[in-house]
Amino acid sequence: MADKLLKNKYGNYVLGGEMVKGGWVAPPNASYSGESYLTDEHFKNVKESGINLLFGVIDPETHFDDLLAFFDECEKFGIYTVVPEESIGREDANIPAILKRIEIYKTRKCVVGINVWDEPGYDRIGIFSRNLEKIRPHTGDLIIYTNHMPLYAKDEQIYGGELSLTDEEITAERYEKFLGEFQSGVSPDVLSYDFYPFRHEKGVVHPRYFEQLCLSRRIAEKSGVPLWNFTQVTSWQRDSVRNMTYSEIEWLNNTSIACGVSGLNYFCYWTPKSRDELFEHAMVTETGLKTKSYYFVKKANERLACVAGEILGARYSGTIAFGDTAAPFPAKDNIRLFGELKQVYADGALTGCFENEKKRLYYVVNPSVTETRVIELLFRKEVEYEIVDGAERTKSKGNHIVLTIEEGKAVLLETIK
């Protein structure tokens with residue numbers, strides 16, 4: 001396997017030389033699903049999908065032998081994993097047992113981190129802080145990972161469900177305060193969140209999508225950690241939340257990258273076992289069969305691979321929002337101009353701006369999921385540029401560049417300094 005999770009000089013994590021593309025959840029063992037899917041066939045499918053990081057479902061406290069078999073399959077196919085260790089979020093955590101497992105994790109090529117909780121509230125901050133103070137000196141290169149709840153969660157969820165203050169969604173001010181206090185008190189190595197903006201009606205985006213993205217990015221920058229998020233693929237309530245179309249998956253990936261996200265996780269790779277929620281089939285069914293969503297994500301990852309290395313090899317400098325961006329874009333987060341770019345003309349466009357020692361990069365996204373758009377970029381002077389559109393690369397010079405971009409897709413424009 002290539003090098004593990006490394007942070008480059010631009011503050012981005014690079015995983016085996018690639019962008020992080022995670023899958024929630026991994027092929028399960030028998031205790032989770034009634035049948036073990038820890039086989040070459042299923043891990044070969046993970047590799048071919050373009051996913052390079054798996055979030056496991058095997059409980060290390062009760063099925064450690066299965067976890068070791070899971071590691072073997074990951075290493076055989078060059079896939080990495082973040083191990084679930086939610087006992088770290090409990091008052092009665094068995095610290096000696098956790099430390100013993102961590103010593104084993106550090107010997108495995110595939111293990112890059114520890115997942116300590118999903119969507120924690122205020123009630124976990126003190127517990128994490130106390131337990132991690134004992135654990136962190138022993139983790140070596142393993143990252144501490146947790147994933148945050150979205151802005152549309154109920155206000156009471158911020159308090160771990162213990163206080164029912166209101167039945168309203170979290171305000172941006174309260175959410176930002178919580179994220180800041182969590183990052184300061186717990187210090188996870190990334191800021192990760194999930195926010196699923198597409199519901200039943202096609203083409204309609206949740207109005208708080210960019211509010212969530214920009215707010216999270218500000219906290220990540222203040223904390224000095226990379227920003228990761230989740231790309232919605234699968235429904236979780238069949239009557240209101242459906243599976244995504246291909247253009248919607250592209251839209252989620254590309255708008256995230258344009259706003260400074262450097263790690264993408266897909267919800268879901270393997271269809272989770274239904275409890276209170278009713279999942280439609282994810283990329284792979286409960287019995288291991290590939291669905292159309294598998295091929296959607298595979299295609300999106302192939303396109304992403306053409307530009308991800310160049311984006312990770314540059315510093316994010318801000319986002320330009322113009323016209324109809326499908327959801328309101330916060331005015332204070334719109335940088336409007338960058339480098340030699342003078343004007344954008346389009347019905348709507350979103351442009352992520354990046355820079356390294358040699359180039360300025362413009363990640364130009366069509367923020368419509370229903371129509372192809374023509375996006376024109378006008379520069380103050382003639383620039384030497386290269387356009388990366390999937391596997392196609394075109395070099396030219398000029399000060400007026402016209403891009404025709406299909407719904408949800410993005411084109412990378414690089415200008416030479």
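Modeller: I begin with Arg393, which is partly exposed at 43% relative accessibility. On this scale, buried means under 20% relative accessible area, exposed means over 50%, and partly exposed lies in between, with a 1.4 Å probe and protein chains only. The model is predicted, so local features need pLDDT of at least 70 and side-chain atom pairs count only at pLDDT 80 or more, whereas totals for chains, interfaces and linings use all residues. Residues are numbered from 1 along each chain as its sequence is written, and side-chain values use heavy atoms, with hydrogens and water left out.

The partner of Arg393 is Glu386: their side chains meet in a salt bridge, at 3.4 Å from N to O. A salt bridge here is a side-chain nitrogen of Lys or Arg within 4 Å of a carboxyl oxygen of Asp or Glu. Side chains of opposite charge can pair when their charged atoms come close. Glu386 is buried, with a relative accessible area of 14%.

Helices (H or I, at least four residues) and strands (E, at least two) are DSSP runs, numbered from the N terminus. Two strands count as paired if DSSP finds at least two bridges between them. Strand 15 (residues 373-389) is joined to strand 17 by 4 bridges, and the two run antiparallel. Strand 14 (residues 359-365) also runs antiparallel to strand 17, joined to it by 7 bridges. Val365 stands opposite Ala410 of strand 17.

Another charged pair is Lys409 with Glu406, whose closest N and O atoms are 3.0 Å apart. Lys409 is buried at 14% relative accessibility, whereas Glu406 is partly exposed at 43%. Elsewhere, salt bridges with shared partners join Glu176, Arg217, Arg218, Glu221 and Asp333 into one network.

The count of salt bridges comes to 31. One of them brings together the side chains of Glu169 and Arg208, at 3.1 Å from N to O. Glu169 lies in the loop between strand 7 (143-148) and helix 6 (172-186), and Arg208 in the loop between strand 8 (191-193) and helix 7 (209-223), so this pair ties together parts that are 39 residues apart in sequence. Glu169 is partly exposed at 33% relative accessibility, while Arg208 is buried, with a relative accessible area of 13%.

The cysteines give another picture. The structure holds 0 disulfides, a disulfide being a pair of cysteine sulfur atoms within 2.5 Å. For Cys268, the closest cysteine sulfur is that of Cys74, 17 Å away, which is too far for a bond. Cys268 is buried, with a relative accessible area of 0%, whereas Cys306 is partly exposed, at 23%.

Finally, Thr285 sits in the loop between strand 10 (263-267) and helix 9 (292-305). Thr285 is buried, with a relative accessible area of 7%. Apart from neighbours within four places in sequence, Thr285 is in contact (heavy atoms within 4.5 Å) with Trp270, Thr271 and Thr291.
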